[in-house]
Amino acid sequence: MEINEIEFKYLKQFILGGRAEIVVKNTRSGNHITYKILKSKTNDIAYQIKHLKIYLGTYYSNINAFTYTPNKIVQDSKEFKVIVKLIDFMFVQERLPIDVVVLSTGRCSVCNRTLKDPEYIKIGIGKYCLTQI
């Protein structure tokens with residue numbers, strides 16, 4: 001699995017693609033957490049966030065705003081706090097936290113196919129899928 005940094009200007013589109021798998025990495029410590037952000041099949045603005053198959057909560061979003069409904073069992077976990085902080089920085093403060101990068105696994109966040117073109121690897125979305133969103 002090839003890990004690639006997603007350019008910030010494409011990060012919202014990437015995360016809201018529907019099948020995003022992201023790695024949130026602290027560049028200072030080297031620690032990282034992997035998440036899957038899956039678009040709901042029944043609600044166009046709902047995204048389920050998972051970490052290692054553990055449901056963390058549902059995130060309701062369009063490209064400009066968000067609300068979050070946590071899974072109460074995990075709301076005190078480090079994994080939950082990291083993703084909430086990341087989303088807050090991205091959507092409210094329009095930047096990433098210092099020392100944090102978001103990486104993709106090299107698969108399109110819309111159709112989940114392996115990306116081969118370096119231009120689209122930086123975006124995290126394939127050429128065709130990018131024209132559809």
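What volume does the largest pocket have? The largest pocket has a volume of about 280 Å³. The structure is a predicted model, in which local features need pLDDT of at least 70 and side-chain atom pairs count only at pLDDT 80 or more, while totals for chains, interfaces and linings use all residues. Residues are numbered from 1 along each chain as its sequence is written, and side-chain values use heavy atoms, with hydrogens and water left out.

Pockets and cavities were defined on a 1 Å grid over the protein atoms alone: a pocket is an open set of points with protein on both sides within 12 Å along at least five of seven lines, a cavity is a set where a 1.4 Å probe fits but cannot get out, and lining residues have an atom within 4 Å of a point. Grid points are joined across faces, edges and corners, and a volume is the space filled by probe spheres set on the points. The largest pocket is lined by 16 residues, of which V24, K25, N26, V82 and V100 lie nearest its centre. By class, this lining comprises 7 nonpolar, 4 polar and 5 charged residues (nonpolar: Ala, Val, Leu, Ile, Met, Phe, Trp, Tyr, Cys and Pro; charged: Asp, Glu, Lys and Arg; polar: the others, Gly among them). Strand 2, strand 3 and helix 2 each supply at least two residues of the pocket lining, with helix 2 giving the most, 4 residues. Helices (H or I, at least four residues) and strands (E, at least two) are DSSP runs, numbered from the N terminus.

The count of cavities of 30 Å³ or more is 1. About 40 Å³ of space lies in the largest cavity, whose lining includes F14, R19, A20, E21 and S104. Strand 2 provides the largest share of that lining, 3 residues.

Contacts of I22 (heavy atoms within 4.5 Å) include F14, I33, I83, L86 and V102, not counting residues up to four places away in sequence.

H51 is located in strand 4. At 11% relative accessibility, H51 counts as buried (under 20% relative accessible area, with a 1.4 Å probe and protein chains only). The side chain of H51 reaches the backbone oxygen of T34 at 2.9 Å. Beyond four places in sequence, H51 touches I33, T34, Y35, L56 and E79.

Methods:
Buried means under 20% relative accessible area, exposed over 50%, partly exposed in between (1.4 Å probe, protein chains only). A polar contact is a pair of N or O atoms within 3.5 Å; within protein, one must be able to donate a hydrogen and the other to accept it, and residues adjacent in sequence count only if both atoms are side-chain atoms.
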